[in-house]
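I wanted to go through this structure slowly and write down what I looked up, one topic at a time.

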Amino acid sequence: MTQLGTRPRRSRFAPEVLPDGRRRFSHEAVVARRVLLAGVLAAGVGGGVVVSRLSGDDAEVVPAAGAAAPAPEPAPSAAPVAVDGPSRTAADSPWVVVNKQHPLDPRDYAPPLAVVDGKEVAAVIAPDLRSLLQDARRDGVDLSVTSGYRSFQRQTSVHDSAVARDGLESAESVSARPGYSEHQTGLAVDFGGRTQPGCLLKNCFGQTPESEWLRAHAGRYGFLLRYPEGATATTGYDPEPWHWRWVGTDLVQRVAERGTATLEEFFGISGGAAYA
Ligand SMILES: [Zn+2]
């Protein structure tokens with residue numbers, strides 16, 4: 001393992017003890033717990049884990065799959081959880097949850113924008129994103145912004161051309177409908193790294209030093225991993241180690257303390273592969 005900077009490092013699975021005595025688990029620990037739980041549940045019902053090819057949020061750059069997608073799984077039931085804080089439904093809220101059950105309102109919402117690392121993102125995330133990139137570089141980790149804000153119009157043309165080329169079902173296995181992409185909020189960032197250019201927007205990005213740095217530090221800048229391993233049935237998306245969502249440090253910490261892997265579980269909001 002590479003020593004990053006001069007910060008003391010603990011096991012990525014060990015909890016950090018907060019000043020008030022509560023324990024805070026790292027994102028890896030939370031994800032590992034969820035994956036373990038999912039494995040136990042799958043074993044318990046006597047079947048293997050069924051992995052279906054569900055839609056990625058980043059079809060702009062990911063080649064379309066050749067085979068038609070299987071029928072979407074039903075969204076898990078969810079009961080709203082009372083949490084004090086910003087709105088989960090207002091399009092311009094830092095806590096907005098956007099998934100296939102919950103499109104943006106209005107569908108053609110566009111945030112105030114800023115440019116970071118040559119890409120448009122919501123202006124509200126620019127200071128934290130700039131700090132993250134700067135501090136990563138200081139640690140010898142060269143992260144780049146591959147994709148930030150994507151407009152309703154851009155997503156419409158991406159989705160339309162995918163449907164024209166592959167048919168609706170196959171296209172929707174890799175392309176989000178306009179109004180349903182988290183990138184339209186400007187709060188989502190796809191990161192790339194220099195060490196493994198071939199792993200851009202691929203699962204192997206998860207094994208790069210850049211991904212390791214993000215998993216260890218991105219929470220300090222208000223970002224959380226939005227589509228973790230083992231959460232496809234909840235998020236509606238296959239794991240995307242490159243796709244990070246800015247929600248602010250307060251929510252990152254609260255999600256970690258609760259031990260939930262996804263925003264859907266934390267807020268008790270429905271999700272899954274089926275469109276509303
Ligand atoms: Zn993305």
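**Ground rules.** I am working with a predicted model, in which local features need pLDDT of at least 70 and side-chain atom pairs count only at pLDDT 80 or more, while totals for chains, interfaces and linings use all residues. I number residues from 1 along each chain as its sequence is written, and my side-chain values use heavy atoms, with hydrogens and water left out.

I began with strand β3, residues 113-116; helices (H or I, at least four residues) and strands (E, at least two) are DSSP runs, numbered from the N terminus. In a regular strand the side chains alternate between the two faces of the sheet.

**Disulfide.** I looked for cysteine sulfur atoms within 2.5 Å, which is what counts as a disulfide, and the structure holds one. C199 and C204 form this link with their sulfur atoms 2.0 Å apart, and the -115° about the S-S bond makes it left-handed. C199 is buried at 8% relative accessibility, while C204, at 29%, is partly exposed.

**Aromatic rings.** I paired rings of Phe, Tyr and Trp (its six-membered ring) if their centres lie within 6.5 Å, calling planes under 30 degrees apart stacked, over 60 edge-to-face and the rest tilted. The count comes to six aromatic pairs. Y180 and Y275 form an edge-to-face pair, 4.9 Å centre to centre with 90° between the planes. Y180 lies in the loop between α4 and β6 and Y275 in the segment after α8, so this pair ties together parts that are 95 residues apart in sequence. Both Y180 and Y275 are buried. Y227 and Y237 form a tilted pair, at 4.5 Å and 45°.

**Charges over rings.** I counted NZ of Lys or CZ of Arg within 6 Å of the ring centre and within 35 degrees of the ring normal. K100 lies over the face of Y237 at 4.4 Å from the ring centre, and R177 over that of Y275 at 3.8 Å.

Note on methods: Buried means under 20% relative accessible area, exposed over 50%, partly exposed in between (1.4 Å probe, protein chains only).
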